[in-house]
Amino acid sequence: IGLMKDLKIDIDLFESKFFQHELYSGLGLSRGSFFDEDFKYGGGKNTLVTGDPTTWVSDDVHPDRLNAKSIEDFIGAFPISKEAQDQLITLFTNKEKVTLAHLPDTQARVEYLSKKNYDAFLREDWGLGDEAISYFNNRTRDFFALAPSHLPALDTCYFGYPGTQGIKDLPRNEEAEAELKEAYIHHFPDGNASVARLLVRAMIPSVSPGS
């Protein structure tokens, strides 16, 4: 924050002036999932499913403005089998199936989730098959840039992915909470290259005179 102030970047203006928080929701738009014609289970068709009610990391849409469907209606429109749909709905809504209560204490549960990747956690603990897990194959790449098989189950669930809602006493992750809470709007249209330019001008003013 101090650096931003030194560069005379007013972050508060993103909140009050430069980002139209109600633009998308005001047009009746929502987040969604796109299954292209190469999706293994989609029958060779392009399918767009709108009304996503789930949690996304670094989202720019407030939870109250999602124009969301119920999780049952959202997943029920996926181009996958009824069995796979039911597996996903259970994953998102059930708080009793997976509790890890057989492990002796919180530390043991943390270690278990830290060592098991998310793909294995969904398969072995939740009983999801390939078809249901395929929904997450590209979704985790959006924020983590990695497939579910390369991510610890603990990390994915801290950042909003389902699976640990029935596991008690997991320690908080303040970094993840901040990422989920703060609107993802504080960036320049040029991908924040303006920050780098301002840094250079602060060190060498002659490279870019003016205000």
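Helices (H or I, at least four residues) and strands (E, at least two) are DSSP runs, numbered from the N terminus. This is a predicted model: local features need pLDDT of at least 70, side-chain atom pairs count only at pLDDT 80 or more, and totals for chains, interfaces and linings use all residues. Residues are numbered from 1 along each chain as its sequence is written, and side-chain values use heavy atoms, without hydrogens and water.

User: Which helix gives the most to the nonpolar patch?
Analyst: Leu3, Leu199, Val200, Met203, Ile204 and Val207 make a nonpolar surface patch of about 530 Å². Nonpolar side chains (Val, Leu, Ile, Met, Phe, Trp, Tyr) are joined within 5 Å, like charges within 9 Å. Three residues come from the top contributor, helix H12 (residues 193-203).

User: Is Met203 buried or exposed?
Analyst: Met203 is found in helix H12. Buried means under 20% relative accessible area, exposed over 50%, partly exposed in between (1.4 Å probe, protein chains only). At 65% relative accessibility, Met203 counts as exposed.

User: What is the phi of Asn67?
Analyst: Asn67 is found in the loop between strand S2 (47-50) and helix H4 (71-76). Asn67 is partly exposed, at 38% relative accessibility. Its phi is positive, in a residue other than glycine, and is near 50°.

User: Where does Asp169 lie?
Analyst: Asp169 is not a glycine, yet it has a positive phi of about 65°. Asp169 is exposed, with a relative accessible area of 58%. Its place is the loop between helix H10 (153-158) and helix H11 (174-181).

Key. Patch = residues over 30% accessible without salt bridge, like charges linked within 9 Å, V, L, I, M, F, W, Y side chains within 5 Å. Areas by Shrake-Rupley, 256 points an atom, 1.4 Å probe, with all protein chains shown as cover. Salt bridge = Lys/Arg side-chain N within 4 Å of Asp/Glu carboxyl O.
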